[in-house]
Amino acid sequence: MRPENYEAQRHPPSNEYELNIGPNHPGIEGNYAFKLRLHGDRVIEGRADAGYLHRGFEKLMEGRLWIQNLAITPRICVPDPVPMEISYCLAVEDLCGLEVPERALWLRVLQAELSRLAAHLFTFGGHAATTGMYTPMFWGIADRDLILDLFEELCGGRVYHIYNIPGGVRRDMPPGFIERVSNTLDYLETRLPDYDNLMFKNLVFVQRARGVGVISQEQALDWAVTGPNLRATGLALDVRRDDPYLIYDQLAFDIPTEDGGDAWSRALVRRKELFESIKIIRQVLAKLPSLPGPIRCPIPNPLAWNVPAGSTYVRMESSKGELAWYVVSNGSEKPYRTHVRGPSQMHAVQVLEKLSIGCRIEDVAQIMFSLDACPPEVDR
Amino acid sequence: MKEGESSSYDKIRSMTRLKDVLEVATSFEQSARDFYTDLIPKVSKNFRWLAEALAKEEQGHYDLFTNLSRRDDIAEAIQAEIERPVTDGQFADAIMSPDLGPHPDDQAVLQYAMGREHLAMSHYRSLADGTEPGPIKDLFAYLANEEAKHKEELEKLYYETVHAGGV
Amino acid sequence: MSEGKALSTWLDNLLTELEGIEIRRKSSRRLRIDVEASALPALLELLRGRASYVHLSAISCVDWPDEAQFELVYHVWSYELQSLVSAHTRIPRKPGVYISVYDIYTPAAFFERDIHEMFGVFFEGSPDMSKFILTEWDGPPPMRKDFDSEAWVNAHFDFQDYNPDWLQEIIAQGGGIAIRPDEQRFSRGPEPTAKGAGNKTVDKGTDER
Amino acid sequence: MSDIDYKDHGGVLAPLKNLRFFGRNAVTVPLDPRTASANYRGFHLNDWQACVGCSTCQKVCDNAAITMVEIPGLPEDPVKGVRNLRPAIDYGRCCWCALCVDLCPTGSISLSREYVHTCVDADLDSYFVLPDSNGIHGVAYDKGWAKSVESDLVALERTDMTEAAPEARIDNFEEIVAGYDKNQAIIEASRCVQCGMCHDACPTRMNAPEYIRAIWQDDMEEAVRQIYRTNPFAHTCGRVCTHRCETACSVGHRGEPIAIRWLKRYAMDAVAPERVKQIAAEGKPGYVTGKRIAIIGAGPAGLTAAFDLAKQGHEVQVYEAMSQAGGMTRYGIPYYRMPADMLDRDVEVIQSLGVKIQYNTRIGVDLRMDELQQQFDAVLIAVGLWTGRSTRIQGADNDGVERAVELLRKVADGEPIRVPRQAVIIGGGNVAMDIARTLARLQKHRYGEVAITLTALEDIDHFLADRDEIKEAREEGVEILDARGPQQVVIENGGASGLCTWKVLSIFDEKGRFAPKYNADDQLIHPGDMIVEAIGQAADIALLGEALTEELEWNRGRLKVDDGLRTSADWLWAAGDMVRGPDVVTAVADGHKAAASINQFLCIREQAA
């Protein structure tokens, strides 16, 4: 909101006042503005104001070849870029009918689950920071960095991997990579009890998080809440299980749930998902050596590649919730339309606005971080 | 090579002084050069360059022999040349050297030139074999060597004109 | 999964009650329904009420200028049937007005607002049609095909031209910039690549070889 | 509620368990930059020796970060497909996606393991960097993300072309190469990276990238329109061209080049001849300039010039000695390589523009050159190389010895020829291969088996014939003996019975000129009741007449022409094989040059008048 466009709302003389949080505020995840109308420190109404991270990806992608969009897709959601890459490639593979070799599928699951670990560690820090504790943020970032080192080895890039390509992946694992990943996982497992003591069992966090931003199951289903936030209300619904993609149907993992529906339950669901992801990665690491074969099926020359006309809707479980791509091709060498349905589009706007009504001012930030709302997905 | 010239080779056999031998050799080159120069107007213009080139070649040979004869250390100069004998490619031997009728074509002129070179080379070589070792023998060997070099040059030109035109 | 199968076949004949719709089953978990614009709310009502499609995953809008139409696609997911229905419908580009389905699915508010901003389709009954992302933008709805974002960028911003010393040395020796990036790159504005795909064959061949 | 027992505050001593943290050392990570992982995507490296400047990286870069910079002093050779352009990267736009690395046809560009860019202006004052092999700061970092087999996006394999098997093609003159169908053509056309190297290498500058793109977009009429911009003999060139474009193709550096010649053929065969005529006539002015031009010889050079001049509104009269047009492409190339009906299509398109061809008219006999000079504003002579050279070795004048060019002409004209039981061919060029395989077919047809021996002066690697011609000839039973010099034709009771050859020590002198040397004791006699000489061709310039031959300038056996192909006589032009040596596509290029020069000359004369 540029100053010259701002005109204060005329209120009738009362003890209400208006407060703007963001778009540049430690309590807000990413660049995202939130206008509050307060009565004392009680929130009467909250209105989200996004647009500070709008880069116009969907418009850009219409002007680029299918292969050139690989470099753009991971940049749509910064903390958890991998599901964006993979879902774009899944969409193109579905349109073209490409047969992805099995080894590539397993490598993609490895990358996706590692990315989920990194995203959750990131959110622990964020959530704790809104309740005043900064140590989880330092630990979270430090541990996340170990996973970024693994990404650097596997994909050549730390945050934006551009590791996937329609038809498979671009590189195979470097030698000794499996052993380094399992070492990192072992280290993380030793760290988790520390996180419990530091955060989840910490009375300060528990007092602040419990009972805040409560979502009932009906509300969750009605507001299209997905991912850990939905599972925090007791419903074991996960796209990896309901609408299996890649090779999740061959993996043994369960869907952790909580039934509190509040900020604390959401944090606990994410914590448990850490274990599940580690379990998945271990299964993948066990399976990979036995999978010979190519990591990519041949695709035409990228400069002359017409994807057959058609449309497809691909859904994936990102660390934030249900991520979906609607990709339309008119048979030309460029996508005709790509629509990204980010999970935070629901969490950061309607759900946050509804949850912030009636809560105290200091809990607004915590509700946002507990929902793990990621503004770049909202604006695209 | 017309008969008249082969008799003059016998004349050369009896000579003893290097200068006289060189003079006779130079006269052969001169007659060759004159033969080609008066051939130039007779041939059709599209390959007149060939006759001019041959005349120029012979002129070159003529100058080579004349200023060789003017030098006094003929023997040492020849010595250096003989170390690198030029093997005879025999490429042209099989090709009959026609007598140049009224309208020879470029291939016929080249064949004729190569025939002359071959004859000159074989004459000098036989002369070299026929004389005892000494400056005269070296001179004949040198002359044979020069003719062989000249013949090789013509063979290359013949290959490029006749053989290289294929698709 | 078997009872899921039964459910989906039950769904198939349930849908036959509605006339004027065309069903195409793409896979066990993907069903495409083409429906008239007027019949769509009824279809969604039926899907949500009687066929357990409670989750509105997304509303997508596709601009088809050649047919002067917008295509609205309603993706609804059923947790029980574990299958997605994509309801496709077409509305004329002018005046580009459609009814909101907010009363059936509350998440529609965001999608309708987003489509309004990006395409200019006005949804009557949608709770909030005010600008949300493009608050500072007064131009046409940018996601429409007839808006060329690159041309707008080229008009309002200028290219950063570099002149580092290594380039000056090369220019001094007679070389220099031969092909600028936008002369030959394959990523160009939304209009399909021109004939010959922007390849500028550099005529470097000398005549005589 | 959950299994986390948050109420368990532990006893009074609970805080003491935090003492164990004192035992741990702090997590400290060294701050100075560490080397990145093995396939890290850092700053660019470009090996300038391997890079050919094809600018494919610029095309695939999605952020338009690459500018091609011309660097004088680097090698530049259009025939081999090498340009002195090198990519410069604008790191303000680059997103390090390495698509340029994966699509680089030669694999010259790669990303280093260097990611630190904090440096003072002295070492680097701009984001615009020209990468070479020693990295952005001139400090050598080893390669990170480089070309690997799995990640290579260049389509290296060529779509294979169905060709008639040797047994199927040996006894007939059906066309061997079947040609692409639509699916194969689109796949093959999709391999092209649009670098334009073929455009630079082609003697007549064909717009190959444009018509390949049109084929890929399945817009056949646009493909034909692009082809007719520079080549009215596309059916022919699509089959018999020496395809220099494919030697220059940048995909050919590491893979098989795009089948540009066969794609051209596919495009021409895909459009109906009537429609091709309309496309070819596009741009023809309605007016007639009233200028009349005579062209001697209806070969590729003559007819291309006729095509251009007709399209500029001039009236063109072509005189052809034979009964049909096409010159060497009809009478020199057998039908299994160049079917006559396809050649007729090219000729008919040219005739459809109003070019009149008068057959069976031999200039110098039926019409004299000076008559042409008076009746026409300009004359173009394009008679090609029709007289076959003979080795003139002993016995070469025997009637058992034939010339390849005459034999091929007779076969093409349908004249019956004596089919030898066994034949010996002298020569290693395409004409030798053509006559060998033609006789092989006639033998197979007449006697049921093939007995052909082919000898040539050069060794096999220096044969002038195409590699696939040699391969196919061997498949058809032709025995090829290289480096054999013909010595003598063995004559027995009046007829030729064999050829005596000596071993050639083929030595090139320092200037690269070929000086064949014989080794007399390695002698062979090749039996054969017919000896065919296919060693070279010469132009039959008797038609000029004595006076004109004298008047004109010559250059080592060929007419001296300026770069507009105009001879020293201002009314006479010369083009095609007789000026340039035998090559169809060069003849087409000559046709264009001559036509342009004639057209310019006619306009100037008009302004002057």
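# A tour of chain D and its neighbours

Select strand 13 (residues 452–455) and strand 14 of chain D: the two pair in the parallel sense over four bridges. Strands here are DSSP runs of E with at least two residues, helices are runs of H or I with at least four, and both are numbered from the N terminus; strands pair if DSSP finds at least two bridges between them. This is a predicted model, in which local features need pLDDT of at least 70 and side-chain atom pairs count only at pLDDT 80 or more, while totals for chains, interfaces and linings use all residues. Residues are numbered from 1 along each chain as its sequence is written, with chains lettered from A and ligands numbered from 1 in the order in which they are written.

Within this pair, D:Ile452 stands opposite D:Val478 of strand 14.

Next, show the side chains of strand 14 (residues 478–481) of chain D. D:Val478 and D:Ile480 form its covered face, and D:Glu479 and D:Leu481 the uncovered one. In a regular strand, side chains alternate between the two faces of the sheet.

Now bring in chain C. Here 39 residues of chain D are in contact with 32 residues of chain C, contact meaning C-beta atoms, placed from the backbone, within 7 Å. On the chain D side, strand 2 gives the most, with five residues. By class, that side has 17 nonpolar, nine polar and 13 charged residues. Strand 2 of chain D also pairs with strand 8 (residues 176–179) of chain C, in the antiparallel sense over three bridges. Select C:Ile177 and its bridge partner D:Val69 there.

Turn to chain B. This contact takes 34 residues from chain D and 26 from chain B. Strand 17 of chain D gives the most to the chain D side, with six residues.

Finish at D:Ile215. Together with D:Leu380, D:Ile215 touches the most other members of the largest nonpolar core, which has 381 residues. Such a core is a set of buried Ala, Val, Leu, Ile, Met, Phe, Trp, Tyr and Cys residues joined through C-beta atoms within 7 Å; buried means 20 or more other C-beta atoms within 10 Å of a residue's own. Leaving out residues up to four places away in sequence, D:Ile215 touches D:Ala185, D:Ile186, D:Ala189, D:Ala223, D:Leu263, D:Tyr266 and D:Ala267.

Technical notes:
Two residues are in contact if their C-beta atoms, placed from the backbone, lie within 7 Å. Ala, Val, Leu, Ile, Met, Phe, Trp, Tyr, Cys and Pro count as nonpolar, Asp, Glu, Lys and Arg as charged, and the others, Gly among them, as polar. A residue is buried if 20 or more other C-beta atoms lie within 10 Å of its own, exposed if 12 or fewer, and partly exposed in between; C-beta atoms are placed from the backbone.
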